[in-house]
Amino acid sequence: MKSLRKTPYFIAYIVLGITTLPILLMYIWLILNSFSTRMKYGFIPDHFTLENWSFLWSPIKQGGTVLPSIWTATWNSFFFSGMLTLFEVVIGLMAGYALARLNFPGRQKIMKVTLLLHAFPSVALLIAVFYILNFLGLYDTLWGVILVKTALQVPMTAWIVKGFFDEVPWDVEWAGLIDGCSRLKVWYQIVLPLVKPGIAAVTIFSFLSGWSEFLLLYSFIVSDDNVTLSAYLQKLISDPNMINYGLLSAVSLFYMLPIIVMFITTQKSLLQVSAGGGKRV
Amino acid sequence: GNQDKGANANANAKANEVVVIKAQTAGAEKTRVDNLVKAAAQLNAELKKEGKNTTVQVETNDFQGSWDDYAKQFMLSFKAKKEADIYATGHDNIGWLADGHYIQPLDDVKKDKAYSDVFPTLWKSVTYKNHTYGIPQDTEVRPVFYNKDVLKQLGWSDDQINSLPEKVKKGEFTLDDMTKLAEEAKAKGFVQYGVIHRPVDGPDFQEMAYDFGAKLYDAKENKLVLDKKAVAKQLNYFYDLAQKKLIPDNLTSMDWPSIHKTVVNGKSLFFYGGIWNVFNWSQDNFHDKLGKVDAKWVNDHFGMMLIPAADKGGKAVTLSHPFVYTISSQSKHPELAKRLVELVADPKLQAAHDVSTTHLPVTKKASEEPTFKNDITLGKTTYMLDYTTFLPNAQGFPTYSKVIFSAIQAVELGKKTPEAALKDAETELKSSLGDKLKVIE
Amino acid sequence: MKIELRNVSKAFNKNTNTIKNLDLMIPEGELVALLGPSGCGKSTTMLMIAGIIKPNAGTILFDDEPVNDVETKDRNIGMVFQSYALYPHMTVLDNIAFPLKQMKVPKEERYQRAREAAKRVHLESFLDRKPSELSGGQQQRVALARAIVKEPRVLLLDEPLSNLDARLKIEMREEIRRLQKELGITTIMVTHDQEEAMTMADRIAVMKEGNIVQYSTPMDLYQKPENFFVAQFIGTPPMNFIEGIVVPNENSCEFKMGETMFTLPIDVPIQDKTSVSLGIRPHEIHVGSEGDLQFKVQVLLAEPLGHATLVSAQIEQSYIRFMIPPQLMPEAGSILYLSVKKESVHLFDAKTGERLV
Amino acid sequence: MKIELRNVSKAFNKNTNTIKNLDLMIPEGELVALLGPSGCGKSTTMLMIAGIIKPNAGTILFDDEPVNDVETKDRNIGMVFQSYALYPHMTVLDNIAFPLKQMKVPKEERYQRAREAAKRVHLESFLDRKPSELSGGQQQRVALARAIVKEPRVLLLDEPLSNLDARLKIEMREEIRRLQKELGITTIMVTHDQEEAMTMADRIAVMKEGNIVQYSTPMDLYQKPENFFVAQFIGTPPMNFIEGIVVPNENSCEFKMGETMFTLPIDVPIQDKTSVSLGIRPHEIHVGSEGDLQFKVQVLLAEPLGHATLVSAQIEQSYIRFMIPPQLMPEAGSILYLSVKKESVHLFDAKTGERLV
Amino acid sequence: MLFFRKWGFPAVMLGPFILLIAIFFFLPVILITILAFTNMDSAMQWTFNGLANFQRLFHDPNILEILTHTLVYVVFTLVINVIFGLILSIITTYFIQKESVSLFIRTIWMLPRMSPPVVYILLWLWFLDSSQYGVLNSIRSLLHMGPQALLTTHPMLVVILANGVIGASYGMIIFSSAIKSIPQDLYQAAKVDGSSTWSIIYEIIIPSLRWPIMFVTMWQLLSLLTSYEYILLLTKGGPLHESEVLSLYSFHSAFQNFEFGYGSAVALVLVVIALILSFVMWKVFGMNKMIKNSRID
Ligand SMILES: Nc1ncnc2c1ncn2[C@@H]1O[C@H](COP(=O)(O)OP(=O)(O)OP(=O)(O)O)[C@@H](O)[C@H]1O
Ligand SMILES: Nc1ncnc2c1ncn2[C@@H]1O[C@H](COP(=O)(O)OP(=O)(O)OP(=O)(O)O)[C@@H](O)[C@H]1O
Ligand SMILES: [Mg+2]
Ligand SMILES: [Mg+2]
Ligand SMILES: O=P([O-])([O-])[O-]
């Protein structure tokens, strides 16, 4: 009786285990690889070494070049992703709210158009975007790339958060108005805290996409001062004959670390959902 | 164009103008632009002597990424007028760069005495539509590596082993001989594979076409050429290798490290490589036991030879992919840029670059530099420049190369016969290149 | 503040008007109760006064100024929503202090006042909880405290006490009434508790299907319901109705139902054979023959209520209920003689529902 | 189904037990009302019986079988949540049909039965609406229909009628009672409406701070409250209490408060000078001197209720409220002579709250 | 004034959004549409050539094969993405109540998305490398099994798996956030009404996720149609054309062969396909109904 009741759980865990384990192993492998000179049979670490991690304290040499400091790249990545996230999340939340909760003509059209824009491959857009950026004098500037990237991503943010805004009970908004808020204030004082899980989701996505952005930076930034972590990685692998895989593993783990931390912290906000209480209208 | 970083108007009567020249290269070999910085010092000294109030400052940039991306970036930055004055790139880009009016002809630089002793064939690589659009910076060759240990096991004497390159050069040892030798080594179980080549598309495959006597480009008509007979032979060659199981089943899906490991650990008798591989193998732990291996070790265990001729007495070949300096057509200081390019030909600068990056010099003088001559690998391969070939400079060549590679892949995987593969390749080339293609039956 | 609704209509969809040409005037400082069946449009009316829902037609006036275009936040309203509408992410204290925060009351004073309001609704020991950790009644009290804390000019209470126990309810009523009187807050309250409406309201508006059917003082409503709907709606237990026809005599009226016939103690001329409903409140029926109208019934069921016994009985085809002293417990089937005083007799036209007497 | 709670405790946090060692036995087929102040743990008790909240200690038994480990879905329960908990994405009809769907009732029959249930709660014309398009009372009725549609063995009703108007409430009460009786569904109902509890329940459990203070029949509870808490909690308007001390005489007892002193019509021996609360229900107080206990008061306020007038008056320091016939309207300040019958006098120890008489 | 009251707020909320998209998204879209009718190449000249690009596309010997691959790739990856995303989110939010465990699992599934794409793909390549140095083949050889070359024998399968694993995390995050927003009392009511675990998933959770599911499906559909990065890194569309999809083809044309005009034309074809699919989905999902009116007038 009791075990029967557990069947769904049992199946769920099996499915989860079978599919999750390979991924976990892949990354454990990556970690081991970064700490060893060689892997026996391809997967058993051999000599423990910290050499691959030396980029943390001394710039690495590759061929004839010395790569820039990883910390500069990290800072640049933070700046770029941070700005992108800020723009994207704020603008996306505003638009998502308008699309979910305000009455104005053309709402459907805006939604359709923004969705369909996504059907245009960003590669194809690259050349066209170049002409725009060049026209605006934003070519070879970080802000230009931030704006472009925001524009490409913000429809997604708006669409996602619209779903979350839809679920917010109307009566708390009403109460906010009664208590003397303008609709703008209702939006950020009352509604936003209630869609925290949604904000967590879009924040992590936009930060992530900023963090790993490569193509746009690479296409629209000529100068070398703005090297980000993804560009740094690109430097490591640009010559397929000369990749130091141990180093690459270490750098990519380093690259992943901030985003993992960020992910965990934003996900923790899921714990603080305050749904429930009262009769929802 | 390049910008003047502000005229430095001093209280001194003579205002000194600082001219910034931007130079860009791609890849790890940063000496290509660093040499320009050194040349600038020389230039500044000369300018001073000439009594000019100009100081040249070279701003360098090394792009990391694929060649396509490098090209793309140049196009865009050019349109935005932010491109480098001196753009170093593979010679095969000259076609589209010239067609797009991105770069200017450098015929006068060619005439400069600094470049008077360039290996003559190299000028071919930078000529497009009867003009010299680039100045060779360095070059390399793509020899076949052969494993000395395996040959020893096959009973070859040291002398025989060391004279193999010579025999190849003379056309005594043919491609067929090479295949047979590989077969023997494999049959005897000394190696797992007979031959290894690169796993992805690249110039190496075209050297085989040249080996079979192909013509890839018609300069007069400015058209790429599909030489069907030669290409058929080329496809047959790879088909044959696969049928005889001399190459790994899935060679074209292996990654580079596996290729290097296979070669370095002596699992294959031959390897279609490039001289820079010697440098690669010293950079990472490819050897199962030794880890990184230095040039000496490589020369002890491997020999390098030209690609054996297809027929007895025929011409052995190799292929080079020279790096060239080009100068932007929008450059505000073309004269200064040209002078820089002249000064950078200095043999010492060349030799330093070549030795540190395992490349070959472009001038005779440089090849006689002691530092260069003493290099264990380079000294031995410079002669190959006399046998070398180049990729066409024409636009559309990447497409051509990709289609041919697909065909090779198809025959290797046994998915198509050489005839079928050739037919499909022809259709595809006609479709994508249109009137840029000329087919020779 | 005087509140006036003029000819207000509201439709949620094209087919039906939820509110139909509603007129209502609430004098300054009065407490008006909205009473009506479930779904008749009480909450909708409230939301329109609050400015959250805009009427499709008609005008809403505050102190004779049309406010249709005034934003909710500028109307200075306190409201208890039927669903409470607490802010789930804020503590009780923050919920209550929120309106003050919007008024930019300094932090210290704000919390001071919020704490006082919480005390009034007996929530002083729950200040740090989130709404989801409160019981239903506690949530409702938070809503109440939040509505009154800023001492608004208009108070809208949509069933503010429905989830409170009887004792607390009485206390809260008094609290609201006191506050409302002291500050002269114009208040509109929806309630289903008629006693609440009767004891608290200056006036009662009885609604039916989006309209007001009677608007007057509690006593008036009770004693002189203008039509059948109000009569049957007001009063618990509800008024008894006996269907019959009127046969006028020279100087009185006979009431006829089936076999039974009795004299109505009225002196208004009524057309012959009018189908009528004779209404009598359960409390007005007495055992014995001391009244002006007399009839006998057969007992069906007697239920003790504590302070009285509730009897259900049959007279011809009609059923009636009435109270008798708690000591009495008539058995089912027994016959009782009942009487009613003249003033307690209500007569309605069976067709139009209009009051005849 | 017989339901029993044995020594059940539940704590939401470490500091306090919300439910403390609660014992309760509900015989098969009975309707028990839970009555108690806001926040005393009624809903929590219901949720524990439903199996949604697991008790920290104690056992819950259905037909003498412990069900602590039986999942909610296997308990065959119908429940109206205090918050309704309607499924927002389903129409009214689908909401009501949902429990049947879970029982794999064929589609046609399912909708047939759901429609019938909807009709019982007068929602037949709202079947296609989503819950968000309903009024509060309509939502509550959906919840009610959903709870009864599958004719469960146990019905848990958490204030199921709080948002309905008086008439509908009476109707629904009858509906529930009929269904419950017909099918013998063991029912637990939380209500704040004492009349509801009195008329509907077979027994009433009065709760206070997570415990049951009296569990007995409605009449018993009304007439013989076991302690002060129950006495003051049960009955609307609430019982009047006069604080004083008892001074026993030879064959009777004197009650003394301040200057005033009067004889208590009781014959139980009580210790001298015991501080007591003398409780009298407003309905039991009559004007005049026809009772066993007599005293005079000064009128403070008289409110007309329709069927009676509610008078608030003062006797020494205590305030009392009582009903007089609606015709009387004493002026504030006037003196009234009142009397109470012997049976209507309740006496509680002021310290322990225990009933003395 | 009144005008501002009515339009001011939507304008403020939507203004930056519209402006940004109009300039950096909508305008480029128009430009590439024009571009598709030119023969722009590496010289970057806007010379119009009418329908030539489309004629060439029509006669392209590979186009049919590429279209088929696109379809297979999109459909299967999409199914994995959405279904698996849903399963993962339900498991980590509903089944596993312990938040730390859920978070751990979600984090693992996010790792592929959080790794640099090149490294993620390198991991696959290392594992699947057809030589004996590939991890999979190393393990197989320990077990005395012959080497496998999944990348040559089943390139599309690998492409779908690699993309599926990444894509699943997208749905997972959005869905689990949405599940977390479902009020608890709905589960309680459902349990009281006799719902089993399956039916709670089916009747309560999934209907509450209508918008996210719909959004993720449509968005991922379009993303997959237009995405090529991972394929480019993993197989470059090969061997032969076996894993070449339309967007990759567009990329190859535009940025390897520098035929920008032709590349844009290929992209336009893609857009037309996307338009049709989106339209169908829009109808299927009843999107119009999910755009509700404001309840504040
Ligand atoms: N999730 C929770 N966390 C902490 N305390 C809670 C929680 N739920 C309820 N309580 C507390 O437990 C007590 C009992 O709550 P319960 O909901 O059972 O009250 P109730 O008797 O139903 O009250 P009401 O009549 O107001 O609905 C209350 O004081 C409440 O504040
Ligand atoms: N958003 C809506 N869409 C459609 N109809 C609605 C909507 N809101 C309310 N209604 C309908 O309008 C009518 C009036 O609703 P309202 O909430 O004003 O009733 P009410 O008088 O407050 O009832 P209750 O006493 O049950 O709360 C109801 O029949 C209801 O079904
Ligand atoms: Mg209402
Ligand atoms: Mg409760
Ligand atoms: O592609 P290559 O590295 O051989 O020039």
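The legends below accompany close-up views of a predicted model.

Figure 1. Of the 357 residues in chain C, 61% are buried, and among the contacts in chain C that join residues at least 6 apart in sequence, 65% are between residues at least 24 apart. The mean pLDDT of chain C is 90, with 100% of its residues at 70 or more. Among the elements of chain C, the lowest mean pLDDT (80) belongs to strand β13 (residues 260-264), whereas the highest (96) belongs to strand β8 (residues 186-190).

**Figure 2. The magnesium ion (ligand 3) and its protein donors in chain C.** The protein donors of this ion are S43(C), through OG, and Q82(C), through OE1, and they lie 1.9 to 2.1 Å from the metal. S43(C) belongs to helix α1 (residues 42-50) of chain C and Q82(C) to the loop between β6 (77-80) and α2 (92-102) of chain C, so the pair ties together parts that are 39 residues apart in sequence. Q82(C) counts as buried because its relative accessibility is 14%, where the cut-off for burial is under 20%.

**Figure 3. The magnesium ion (ligand 4) and its protein donors in chain D.** Here the ion is coordinated by OG of S43(D) and OE1 of Q82(D), at 1.8 to 2.2 Å. The two residues link distant parts of the chain, with S43(D) in helix α1 (residues 42-50) of chain D and Q82(D) in the loop between β6 (77-80) and α2 (92-102) of chain D, 39 residues apart. Both S43(D) and Q82(D) are buried.

**Figure 4. Helix α2 of chain D and the elements that cover it.** Helix α2(D) is mostly covered, in that nine of its eleven residues are buried; these are V92(D), L93(D), N95(D), I96(D), A97(D), F98(D), P99(D), L100(D) and Q102(D). What covers these buried residues includes elements from two chains, namely α3 (107-120) and α4 (136-149) of chain D together with α9 (184-192) and α10 (197-208) of chain E. The helix is followed by K104(D), whose phi is positive, near 60°.

**Figure 5. L100(C) and its surroundings in chain C.** L100(C) has its place in helix α2 of chain C, and it counts as buried because its relative accessibility is 0%. When residues up to four places away in sequence are not counted, L100(C) touches V105(C), R110(C), R113(C), A114(C), V149(C) and K150(C). Elsewhere in the chain, L328(C) is 228 residues from L100(C) in sequence, and the C-alpha atoms of the two are separated by 56 Å.

**Figure 6. The packing of helices α10 and α19 in chain B.** Helix α10 (residues 228-243) and helix α19 (residues 397-412) of chain B pack at an angle of about 35°, with their axes 8 Å apart, and the crossing of α10(B) and α19(B) is right-handed. On the side of α10(B), the residues in contact are V231(B), Q234(B), L235(B), F238(B), Y239(B) and A242(B), and these meet Y400(B), I404(B), A407(B), I408(B), V411(B) and E412(B) in α19(B). By class, this contact has ten nonpolar, one polar and one charged residues.

Figure 7. Phi of N222(B) is near 50°, a positive value in a residue other than glycine, and N222(B) is found in the loop between β9 (217-218) and β10 (223-227) of chain B. With a relative accessibility of 22%, N222(B) counts as partly exposed. In chain C, phi of E316(C) is likewise positive, near 50°, in a residue other than glycine, and E316(C) has its place in the loop between β17 (309-315) and β18 (318-324) of chain C. Its relative accessible area is 26%, so E316(C) is partly exposed.

Figure 8. Among the eight pairs of chains that touch, the most contacts are between chains A and E. Chain B does not touch chain C, and their nearest C-alpha atoms are 49 Å apart; nor does any contact join chain B and chain D, whose closest C-alpha atoms lie 50 Å apart.

Note on methods. Residues numbered from 1 in each chain as written. Chains lettered and ligands numbered in written order. Predicted model: local features only at pLDDT ≥ 70, side-chain atom pairs only at ≥ 80, totals over all residues. Heavy atoms only, no water. Donors = N, O, S within 2.8 Å, 3.2 Å for Na, K, Ca; no water. Helix = DSSP H or I, 4+ residues; strand = E, 2+ residues; numbered from the N terminus. Buried < 20%, exposed > 50% of the residue type's maximum accessible area, 1.4 Å probe, protein only. Axes fitted to C-alpha atoms, helices over the stretch in contact; angles between N-to-C directions. Left-handed = near helix turned anticlockwise from the far one by under 90°. Contact = heavy atoms within 4.5 Å. Nonpolar A, V, L, I, M, F, W, Y, C, P; charged D, E, K, R; others polar. pLDDT = per-residue confidence, 0-100.
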